[in-house]
Amino acid sequence: MSLLLTLFERLTVVVTIAYLFSRTPLFRRLLRQDLTWREKGGMVIIFGIITILGTYYGIPVKGAIANSRAVGAIVAGLLGGPAVGAITGLIGGIHRWSLGGFTGFACAVSTTIEGLLGGLVNKYWPKQAMDWRVGFVTGFIAESLQMLIILALARPFVSALDLVKVIAAPMTIVNAAGIAIFIMIVRQSFQEQERIAAFMAQLALKIANYTLPILRHGLTIQSAGEVAQIILRETGSAAVAITDRENILAHVGAGSDHHLPGQPIQTEATRIVIETGQTKIAGSRQEIDCSHPTCPLNTAVIVPLRQNQQVVGTLKIYHRTNKPVTEVEIEFANGLAHLFSTQLELAELERRSQLLADAEIRALQAQINPHFLFNALNTIMLFCRTDPEKARGLLAQLGDYFRKNLQDNKRLVDIREEIEHVKAYLAIEEARFGHRIAITWQIDPELRPVKIPPLTLQPLVENALRHGLLPKRGFGNLQIGIKQERNQALVWIEDDGVGFNQTKKESDGSGMGLKNVDARLRSWFGPEAGLKIISPLPGQTYGTRVEFVIPEGVQK
């Protein structure tokens, strides 16, 4: 019992060091699933030191050392994988061997194997899913294995057996408990990161909701100033700036006395972002490289703003302190810029719709429903707290959806590209109504390349969902199919909803999308390619099927 208590006392030193390390930005980077070789090397060095400290804080017992060395090696394996665990264990083992003693070689071998064992657990149990029980069981098994190795390799055997009788229980319990505590620290760090990420995602969506009506007017000095003020107010940053490719459009907060709207861009870091299109982290005043000698800004995240895949400006979030910019802050700035870029493309679409006299183009562009955007944003905000990864995925789908809607509709596109667009749309709708609908895809694996007008499938799918399934009481099914038939492709969208009411469709305007698609198909491929509407479904009193054919090699 005395040995057990003393080991626990020594373990607190290692755990305290581990806890302090867990508060550093480096530790948070090491929690990522996809570590670089440089980060793995840093992990080996850090946990190698922890392993060696475990030996130094050990207790001499019968010519050997009762210690918590295994904690560093096993945790390194649990977090970094087999290679990191084995190398860390080898470092700690070689150090132990160098200290001598009749168990030196056995301890070197066992520590290496313990690190490898932790890495093997990592292969089958991702670190984000680990809890203290995984750590405790892994440590218990590893220390039990160490006792067997000591008995097998240490000589004389009588001394090894006598030693194991004394240290087996205390070392197994203490090391297993130490690993469990370390995993609890890791788990806490994961949860903290998830909470921060969820808060940042929700904050980004909140800002996007505020700025949506402002950026409808495009990127101007006035709109940029209003947007920058909103970001400054919501984030509490030292300063926020927005530029186009040449000039400062807005700068609010610290440094606004010399970063004036309308002036040419003053910082070299901003010019680099505009030229490369890559996010830049300026970690010091020197990296910001402002030409003003008394500029108070010390660090910044500078992200590009894009429109139609071209960099049209930058968003800059500044801080006064020299504290390193965190990964969460970088992700937040990138996500905000992504949303702003989408809003700018929407603004460009609105500008085009005012300039173009082509009624077909205006009707197509009207498919971008602002209610859909607001509903989608509200849906994503709900997931920010409960499922941040799903919220992030839905944001990407939303961006893809609107980018597709903004493309020029004068050309034909591959039907598989249209399918991806519909999937992006349905990803948002499934998040909202997934408990009420089931979606089935029936794509012919032998489908040959077919081109159709862009934004052909999505209006049909939206019509089936909103006017067929959602008014229906209870659960509904939506089927989207494409089948190769000799020299043409048959496309259909079928639902078991309330059915097609022609009079109602014309009275409430909801049939405009169908008429638009029908007219475009006939214009490109002839009258035989027009929409065919079957409602109710054969043998039923409900449901609707909309289908059309695309002839191969036919284009008017």
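K472 and D496 form a salt bridge, their closest N and O atoms lying 3.5 Å apart; the term stands for a side-chain nitrogen of Lys or Arg within 4 Å of a carboxyl oxygen of Asp or Glu. K472 sits in the loop between helix 17 and strand 11 (476-485), and D496 in the loop between strand 12 (488-495) and helix 18 (502-508), so the pair ties together parts that are 24 residues apart in sequence. Helices (H or I, at least four residues) and strands (E, at least two) are DSSP runs, numbered from the N terminus. Both K472 and D496 are buried. Buried means under 20% relative accessible area, exposed over 50%, and partly exposed in between (1.4 Å probe, protein chains only).

This is a predicted model, in which local features need pLDDT of at least 70 and side-chain atom pairs count only at pLDDT 80 or more, while totals for chains, interfaces and linings use all residues. Residues are numbered from 1 along each chain as its sequence is written, and side-chain values use heavy atoms, with hydrogens and water left out.

The structure holds 11 salt bridges. Among them are the following pairs.

| Pair | N to O distance |
|---|---|
| K472 and D496 | 3.5 Å |
| E429 and R466 | 2.6 Å |
| E268 and R271 | 3.2 Å |

The side chains of E429 and R466 meet in a salt bridge. This pair links distant parts of the chain, with E429 in helix 16 (residues 415-433) and R466 in helix 17 (residues 457-469), 37 residues apart. E429 is buried, at a relative accessible area of 0%, whereas R466 is partly exposed, at 24%.

E268 and R271 both belong to helix 10 (residues 268-276), 3 residues apart, or about one turn of the helix. E268 is partly exposed, with a relative accessible area of 35%, and R271 is partly exposed with a value of 35%. Elsewhere, a network of salt bridges links K206, R233 and E234.

The axes of helix 4 (residues 69-80) and helix 8 (residues 157-215) come within 9 Å and cross at roughly 40°. Axes are lines fitted to C-alpha atoms, for helices over the stretch in contact, and angles run from 0 to 180 degrees between N-to-C directions. Helix 4 and helix 8 are therefore oblique to each other; angles under 35 degrees count as roughly parallel, over 145 as roughly antiparallel, 65 to 115 as roughly perpendicular and the rest as oblique.
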